[in-house]
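Hi,

Here is the structure I promised to pass on. Have a look, and my notes follow below.

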Amino acid sequence: MSGSEPAPDEVEPPAPSPPAPPRRRWWRRASWGFGVLAVLFLVLHTPPVKHLVGAALVRLAGGALGADVGLDRLDYRLWAGEVSLEGVAIRGPRLEVTCARAGVDVDLGTGVRVEVETPRVIVTQGPKRDDEPSSRPSQPWAILDRFGEVEVSDGALELRNREGAPWLRLEGLDLHVEAAEEGARGSARVAELGAGWPEAGIHVDGASAEAGFLVEPGSGALRVLIGEITSDQAALEGRGRLGQIGPILASAEGGGQIDVGLARKLAPALE
């Protein structure tokens, strides 16, 4: 061995590699995080997980409403902001709802769009209790102002009194509402309208109705710009403003024609 070569125990160990720059470490962590999120995102969109999510929604809705809730199918595409429900059913002591399909589409530019197909709603008035304050919202239509667009097709609504007798029935209800600068502006059309006063034995069937309305921003009042009700017994047209219900604050003006037979029915009830 020559004198210029160092002894084996005198050889210096290799220098440790320099630590990764902070930016590279941050990128690795971000990559791991995005990878985990991507896997969770894919798992959420598998049919078994969608079924579990739908079952959880049914349990939560049933507990909140105090009613039996059913759902045939839940589908969603979170990357597109779309959710759809099929075969919705709610059955409670004073509320029955069925709906073939309901969809929600979230758009950052235009807001939330809601589409409801063939809803059927039956509401029965509960027993009157003087010692219990009413939980009914004073402006149930104000929720329309929170959406960019609402579309209801071929709907039905029936309101019943405490004895279960219907006093308002709407069939073939089409509703369209869009957000505007002056408030939520919409139109409604009812193919068949039935209304009456069960206690007085007065009932009118076979009517149709159309209306254009506006939900005023700030006050939340419902302003009927033009409304028409037509039947074999009457033809009415008017406009008005409904501030709230329970107690009712409203004003209206209009005119029309009423059949003599219907007028005779109304006269004793109005005395």
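On aromatic pairs, the count comes to 0, taking a pair to be rings whose centres lie within 6.5 Å. Keep in mind that this is a predicted model. There is a charge over a ring, though: the charged end of K50 sits over Y76, 5.3 Å from the centre of its ring.

K50 also turns up in α2, where it is buried along with V49, G54 and G62. That helix runs over residues 47-65, 19 residues in total, and spans 27 Å from first C-alpha to last, close to the 27 Å expected.

As for the overall layout, I get 3 helices and 11 strands, in the order α-α-β-β-β-β-β-β-β-β-β-β-β-α along the sequence. Of the 271 residues, 24% are buried. Among contacts with a separation of 6 or more, 42% are between residues 24 or more positions apart.

Now the inside. The largest nonpolar core holds 16 residues, and V177 and F213 have the most contacts within it. Strands β3, β4, β5, β6 and β8 each give at least two residues to this core. There is also a second, separate core of 8 residues, with L168, L170, L173 and A207 among them. Back to F213: leaving out residues up to four places away in sequence, F213 touches V177 itself, and its other contacts include L144, L175, A184, L222 and V224.

Cheers

Notes
Residues are numbered from 1 along each chain as its sequence is written. This is a predicted model: local features need pLDDT of at least 70, side-chain atom pairs count only at pLDDT 80 or more; totals for chains, interfaces and linings use all residues. Side-chain values use heavy atoms; hydrogens and water are left out. Rings of Phe, Tyr and Trp (its six-membered ring) pair if their centres lie within 6.5 Å; planes under 30 degrees apart count as stacked, over 60 as edge-to-face and the rest as tilted. A charge sits over a ring if NZ of Lys or CZ of Arg is within 6 Å of the ring centre and within 35 degrees of the ring normal. Helices (H or I, at least four residues) and strands (E, at least two) are DSSP runs, numbered from the N terminus. The expected span of a helix is 1.5 Å times one less than its number of residues. Buried means under 20% relative accessible area, exposed over 50%, partly exposed in between (1.4 Å probe, protein chains only). A nonpolar core is a set of buried Ala, Val, Leu, Ile, Met, Phe, Trp, Tyr and Cys residues joined through side-chain atoms within 4.5 Å. Contact means heavy atoms within 4.5 Å.
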